[in-house]
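The following note sets out comments on the model in numbered points.

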Amino acid sequence: MIIPSFKIDEIKQFMKAVDELYDVVRIVDPSECKVIYISSDGEIKRSEGEYCHAQWGRGRRCLDCASYRAAQSGMIQEKSEISGEQAYKVVAVPLVLDDETGRRQYCLEMIRKVNEGDVISDDEWNKDAGSIEFREVIDTLTGISNWEGFKDAAMEYLSHAADKKSILIRANIKDFKLVNQLYGRSRGNDILYSMAAMCRELAGSKGVYGRIRADHFLMLMAEEDFDEEALRRVAQKVVDRQQFGIYKVHIQFGLYPVTDRKEDISIMCDKAQIALKAIASDHPVALNRYRDTMILDRLYSSEVISGFEEALRKDQMSIFLQPQNDRNGKLLSAEALVRWNHPEQGIVPPDRFISVLENAGLIHELDCYIWEKTVIQLKNWTGTVKENLPLSVNISPKDMIYIDIEKTFADLVRKYDVDPSRLNLEITESAVMADPEGCIELVKRLQNRGFKVEIDDFGTGYSSLNLLKDIQANVIKIDRAFLKSIEQEKRSEIILNHIISMAKELDMSVITEGVETKKQLDMMYDMGCKMFQGYYFSKPIPIMEFEAKYFEIKEGGAV
Ligand code: C2E
Ligand code: CA
Ligand code: CA
């Protein structure tokens with residue numbers, strides 16, 4: 001159990017707020033039976049000679065002390081006390097106070113007279129507005145405001161900030177459920193605790209903040225006080241602290257610049273959530289600002305997701321093939337690229353649905369389906385002139401989270417009795433960089449099973465050159481963006497020259513993607529690249545068209 005933590009100012013503010021509801025509100029140190037005071041300059045002071053049990057006219061520790069139980073259990077405890085003729089109810093809340101000298105655990109005691117005639121059962125007491133005020137506005141796990149507390153504070157804040165533009169920031173841990181499952185609740189709580197501290201650091205002195213549920217946190221402040229750099233820096237600190245094994249916490253922020261102060265707070269929060277959900281980046285700290293068009297994107301995403309199961313069931317997903325050629329157009333291999341044959345929209349390209357399926361955790365279902373179709377295609381070609389044509393398939397970085405890649409491919413080639421050397425597996429450079437050690441191992445294991453591994457979209461990451469020496473892939477595929485940049489920049493050309501010669505020395509082939517012109521082809525050829533894929537030779541085309549173009553016309557085939 002993590003005990004809520006307060007800064008001195010916060011506890012003073014809270015004690016002031018509940019003062020009217022109770023007869024006595026005080027902080028005690030139950031281990032020493034001492035009353036704790038906070039001086040006007042924020043120092044924590046222990047009462048000399050004054051024991052908390054003196055309140056009840058006793059000279060020693062109370063039997064069954066509520067604060068002692070609260071400190072031991074980390075949970076709010078209650079007890080009735082009698083002093084003279086008067087009955088009291090004591091609510092004891094465990095908390096941690098945070099000042100310059102460090103963090104120490106105490107208890108907040110809220111004491112109220114039970115008046116004659118009001119015979120209150122414990123149940124009723126619990127329902128009593130005064131005694132449960134604390135739990136109503138404070139999240140007892142992290143000690144910051146909960147949803148109710150945040151809403152009240154936000155409304156108050158907005159009513160006083162009429163002359164300033166405000167911004168609402170929603171923070172969320174990606175795949176938090178997974179963290180709880182894999183590493184246990186106490187690790188999960190640790191992360192929540194760091195998130196609460198992060199909110200306090202960013203919004204504590206400038207705005208309001210709270211945890212509204214599970215791993216969702218909110219901050220509201222003036223736009224002019226919002227510092228994106230500081231936000232990234234503080235979040236990165238949490239990421240660096242909360243790394244265990246290969247798992248790294250990913251913190252995502254949805255930003256909603258408030259346009260109408262009178263808008264319902266929950267609608268503002270929904271909009272920040274829409275911005276957050278639209279984040280496509282895999283970076284450990286990612287943020288996104290709300291735009292009105294995001295609602296349309298959301299609708300589009302839910303349309304994709306709801307149509308996807310049916311698409312698989314009704315076989316609407318098919319493969320197009322794009323050839324990989326030598327300089328003279330001789331066919332060497334081909335890449336299988338998915339197309340959705342949508343009943344209303346016609347042929348839909350993958351850019352329109354891959355990232356939606358990735359974000360929804362469904363991409364592995366599509367990929368397994370496409371891989372199987374590709375292996376069946378290879379099987380159908382066995383014993384024909386097309387048997388020597390290898391096909392490559394794409395692996396999404398998300399596949400690695402949900403399925404055992406090595407086993408899936410091994411099972412597939414065994415099931416259809418296809419030689420694994422006929423199937424090339426494309427892993428993106430960004431996937432390798434997200435988990436270099438895991439990927440280097442995976443590549444080795446796939447190669448030991450006879451598959452060839454290609455590093456896709458090479459050159460889009462920032463440590464491409466480093467990657468080359470660490471990963472023993474069979475092929476690297478130079479990304480189209482790299483090709484475009486060398487036409488404008490001499491530096492890119494120098495880097496590319498190095499990549500190609502290093503790849504050669506390390507025994508890796510190089511494919512240039514996105515070749516559209518003769519000029520690009522010649523330039524890459526002069527740099528030493530021998531394989532090309534791009535519209536200059538052919539767009540991706542349906543399998544039948546591909547077979548007709550490359551095999552049936554040239555009887556006997558040129559493969
Ligand atoms: P990619 O793996 O980089 O595939 C190459 C993409 O570049 C293909 O787009 C191809 O049509 C396009 N392209 C090839 N040559 C040229 C050219 O000369 N000019 C231009 N402008 N574009 C060219 P496509 O088929 O739309 O696929 C887009 C991306 O979708 C792929 O990029 C890949 O990341 C993903 N994808 C495609 N099929 C699958 C799949 O079955 N599973 C997964 N996970 N991802 C897939
Ligand atoms: Ca690819
Ligand atoms: Ca590519």
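Predicted model: local features only at pLDDT ≥ 70, side-chain atom pairs only at ≥ 80, totals over all residues.

1. Overall dimensions. The secondary structure consists of 21 helices and 24 strands. The chain is more spread out than a compact globule, because its radius of gyration is 32 Å, well over the 24 Å that the globule rule gives for 559 residues. Along the principal axes, the C-alpha trace spans about 110 × 50 × 50 Å.

2. Burial, surface and contacts. Of the 559 residues, 51% count as buried. The accessible surface amounts to about 27600 Å², and carbon and sulfur atoms account for 49% of that area. When contacts between residues at least 6 apart in sequence are considered, 64% of them join residues at least 24 apart.

3. The calcium ion (ligand 2). Which residues coordinate this ion? The donors are Glu 335 (OE), Asn 394 (OD1), Glu 426 (OE) and Asp 456 (OD), at 2.1 to 2.3 Å. Their spacing along the chain is E-x58-N-x31-E-x29-D. Distant parts of the chain are linked here by Glu 335 in strand E16 (residues 331-342) and Asn 394 in strand E18 (residues 391-395), which are 59 residues apart. Glu 335 has a relative accessible area of 3% and is therefore buried. Asn 394, with a relative accessible area of 25%, is partly exposed.

4. The calcium ion (ligand 3). Asp 457 counts as partly exposed, at 25% relative accessibility.

5. The bridging residue. What does Asp 456 bridge? Asp 456 bridges the calcium ion (ligand 3) and the calcium ion (ligand 2), and the two ions lie 4.0 Å apart. Asp 456 is buried, with a relative accessible area of 5%.

6. Backbone at Cys 33. Most residues other than glycine have a negative phi. Cys 33 is not a glycine, yet its phi is positive, at about 55°. The residue is found in the loop between strand E2 (24-29) and strand E3 (34-38). Is Cys 33 buried or exposed? Cys 33 is buried, because its relative accessible area is 7%, where buried means under 20%.

7. Backbone at Asp 507. A positive phi, of about 70°, is also found at Asp 507, although Asp 507 is not a glycine. The residue belongs to the loop between helix H19 (490-505) and strand E22 (509-513). Asp 507 counts as exposed, at 68% relative accessibility.

8. Surroundings of Val 443. Val 443 is part of helix H16 (residues 436-448) and counts as buried, at 1% relative accessibility. With neighbours within four places in sequence left aside, Val 443 is in contact with Ile 427, Val 453, Ile 471, Gln 472 and Ala 473. Ile 347 lies 96 residues from Val 443 along the chain, and their C-alpha atoms are separated by 33 Å.

9. Pro 343. This residue lies in the loop between E16 and strand E17 (346-348). Pro 343 is exposed, with a relative accessible area of 58%. Where Pro 343 and Gln 316 are concerned, 27 residues separate them in sequence, and the C-alpha to C-alpha distance in space is 8.2 Å.

10. Gly 49. Strand E4 (residues 44-51) contains Gly 49, which counts as exposed, at 62% relative accessibility. Gly 49 and Ser 266 are 217 residues apart along the chain, and their C-alpha atoms are separated by 50 Å.

How values were computed
Residues numbered from 1 in each chain as written. Chains lettered and ligands numbered in written order. Heavy atoms only, no water. Donors = N, O, S within 2.8 Å, 3.2 Å for Na, K, Ca; no water. Buried < 20%, exposed > 50% of the residue type's maximum accessible area, 1.4 Å probe, protein only. Helix = DSSP H or I, 4+ residues; strand = E, 2+ residues; numbered from the N terminus. Rg over C-alpha atoms; globule rule 2.2 N^0.38 Å. Contact = heavy atoms within 4.5 Å. Areas by Shrake-Rupley, 256 points an atom, 1.4 Å probe, with all protein chains shown as cover.
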